[in-house]
Amino acid sequence: MHRRISSWPLLVIFFLFIFCLAASAASPIQEQADRFLALVNSGYQALYRVNSQAQWAAVTDVTPEHDAAAEATGKAYAAFNGNPAIISEARELLTHQNELNELTVRQLKQLLLNAAEGPMTNPDLVAKRVAAETKQASLLNSFKFKLNGQPITVNQIDDKLEKSGDLNERKSVWEASKQSGPALKPNLVILRDLRNGVAKEMQYPDYFALEVAAYGMTTDEMLKMLEDWMATLRPLYLQLHTWAKYKLA
C-alpha cells in the first residue's frame, strides 16, 4: 500500500519562498530614490571633475583667464548642487527614511549638505559667494612675499623656518610669512558674511554649523570634542614646550 504524501508542507515552503521574495524586493520609495540618485550622481561626478580641473589650474597658474574659468565652473557646480528641484526631492525622500537603506539615506543627506554650499533658492547670493571665493584664492595664491625688501617664496620661508638657528632671522621670516594677512582681510570679511548667508538659506545658524554638520555633529558636540582633545594633549604640549624652550636657550 502506497502512503499518500500530504501537500501541506510543500504549500508552506512555497508561500515562505514567495514571502521572502516580497520582503527582499525594494520598496517603491527605495526604487524612486535609486533612480534619483543615479541621475544626480552622474551629473555631480561630471561637474566635480570639470570644476576641480579649473580650480587646480587657477591655483597653480594664477591668471585672469584661469580665475574666470574657475569662477564660471564654480557657479555651474553650485547651480547643479543647489538646484531647488534636487533639494525638494531629497527632502521629500528623507521623509520616508524607514523605507530606505542606510546608504541611500546618507547620500540624500550629503546632497542637502552640498546644496547648502550654494543653494539656488538665492542665486544672487550664491554668485557673489563663488566670486568672492575665487577672488580670495587668487589673492592668496598670487601674493608676493618679501624678506628685507627681497622676494621670497613660500617654500623658501618653510625651509628657513625649519633649518635656521638664528632667532632674529627666524623672527623676520615668520613676520614675512604673515604679510598676506592685511591683503586678504577685506575680502575675507565679505566672504564670511556670504558663507553665513548661504548656510542660513538652508536653515543652518551659520557657516560653522554647516561645516560641522558634515561630520554628523552639532556645534556644541564639535566644540566639546576639541576641548577634550586639548585637555588630553596638554601634558604632551607642556613637555614639548619645555624641551623647545631649553633647546632654543
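Buried means under 20% relative accessible area, exposed means over 50%, and partly exposed is in between, with a 1.4 Å probe and protein chains only. Keep that in mind for Asn148. Asparagine 148 is exposed, at a relative accessible area of 69%.

Some ground rules. This is a predicted model, where local features need pLDDT of at least 70, side-chain atom pairs count only at pLDDT 80 or more, and totals for chains, interfaces and linings use all residues. Residues are numbered from 1 along each chain as its sequence is written, and side-chain values use heavy atoms, with hydrogens and water left out.

Back to Asn148. Its phi is positive, about 55°, although the residue is not a glycine. It sits in the loop between β1 (146-147) and β2 (150-151). Helices (H or I, at least four residues) and strands (E, at least two) are DSSP runs, numbered from the N terminus.

Gln203 also has a positive phi, about 70°, and is not a glycine. Its loop runs between α9 (180-201) and α10. Glutamine 203 counts as exposed, with 60% relative accessibility.

Now the inside. A nonpolar core is a set of buried Ala, Val, Leu, Ile, Met, Phe, Trp, Tyr and Cys residues joined through side-chain atoms within 4.5 Å. The largest one here has 23 residues. Which residues have the most contacts inside it? They are Phe36, Leu108 and Leu111. At least two core residues come from each of α2 (28-60), α4 (84-94), α5 (102-116) and α10 (207-213). Helix α5 gives the largest share, seven residues.

Take Leu108. Contact means heavy atoms within 4.5 Å. Not counting residues up to four places away in sequence, Leu108 touches Phe36, Leu37, Ala90, Leu93, Leu94 and Leu100. There is also a second, separate core of six residues, including Phe145, Leu147, Ile157 and Val173.

Gln30 is in helix α2. Is it buried or exposed? Glutamine 30 is buried, at 6% relative accessible area. Leaving aside neighbours within four places in sequence, Gln30 contacts Glu99, Leu100, Asn101 and Thr104.

Next, helix packing. Axes are lines fitted to C-alpha atoms, for helices over the stretch in contact, and angles run from 0 to 180 degrees between N-to-C directions. Helix α3 (residues 64-81) and helix α6 (residues 123-142) have axes that come within 9 Å and cross at roughly 145°. On the α3 side, the contact uses Asp67, Ala70, Glu71, Gly74, Lys75 and Ala78. On the α6 side, the residues are Val126, Ala127, Val130, Ala131, Thr134 and Ser138.

Last, the aromatics. Rings of Phe, Tyr and Trp (its six-membered ring) pair if their centres lie within 6.5 Å; planes under 30 degrees apart count as stacked, over 60 as edge-to-face and the rest as tilted. How many aromatic pairs does the structure hold? Four. In one of them, Tyr48 and Tyr77, the ring centres are 6.3 Å apart and the planes are at 55°, so the pair is tilted. Tyr48 lies in helix α2 and Tyr77 in helix α3, so the pair ties together parts 29 residues apart in sequence. Tyrosine 48 is partly exposed, at 44% relative accessible area. Tyrosine 77 counts as buried, at 17% relative accessibility. Ring pairs also link Tyr44, Tyr48 and Tyr77 into a cluster.
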